[in-house]
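Here is a short report on charged side-chain pairs. Look at the sequence and structure below, then read on.

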Amino acid sequence: MTEYEKAMRPEDITRLFVERSNAGDAAGVAALYEEDAVLAYPPGSQTVGREAIRELWEKVLAGRPHFEPEQPLPTLVHGDIALTSTPPRDGAGARAQVVRRQPDGSWLRVIDQPEFVPPAVQ
């Protein structure tokens, strides 16, 4: 198994996601998630578990998309849980993740909402 750089701050996960995605490394992207993590993707559904997340990213990354770094918003930390978010460059509305500190001090995603589409104005 490949030894990946660990996210030692919650904000590191966004940078590592972009690096690994742009390298086409689905296993590396999945390594940023806890074993039983929940990813709200594709839109309107959920992908549950690291293995399912890896399989999803293999399909997504097969198209060789390019991801741009997004400046993280201030992280909210409470003990071993943190909320991270970024304003997306692609107009998806917002991105938010709940991450948890691991026993070794690194951080992994538990819940990932990569796209919040703004509600239509009525």
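## Terms and overview

A residue is called buried under 20% relative accessible area, exposed over 50%, and partly exposed in between. The model is predicted.

A search of the whole structure finds 13 salt bridges. Side chains of opposite charge can pair when their charged atoms come close. Some of these pairs are described below.

## A partly exposed pair

E11 and R9 form a salt bridge through their side chains, with N to O at 3.8 Å. E11 has a relative accessible area of 23%, so E11 is partly exposed. R9 is at 47%, so R9 is partly exposed too.

## A link between strands

Which residue forms a salt bridge with R100? The partner is E34, and the closest N and O atoms lie 2.8 Å apart. This pair links distant parts of the chain. R100 sits in strand β5 (residues 95-101) and E34 in strand β1 (residues 33-39), 66 residues apart.

E34 has a relative accessible area of 9%, so E34 is buried. R100 is at 32% and therefore counts as partly exposed.

## A buried pair

D112 and R109 also meet in a side-chain salt bridge, at 3.1 Å from N to O. Are they buried or exposed? D112 is buried, because its relative accessible area is 4%. R109 is buried as well, at 5%.

## A network

Salt bridges also join residues into a network. Its members are E51, R54, E55 and E58.

Technical notes: Residues numbered from 1 in each chain as written. Predicted model: local features only at pLDDT ≥ 70, side-chain atom pairs only at ≥ 80, totals over all residues. Heavy atoms only, no water. Salt bridge = Lys/Arg side-chain N within 4 Å of Asp/Glu carboxyl O. Buried < 20%, exposed > 50% of the residue type's maximum accessible area, 1.4 Å probe, protein only. Helix = DSSP H or I, 4+ residues; strand = E, 2+ residues; numbered from the N terminus.
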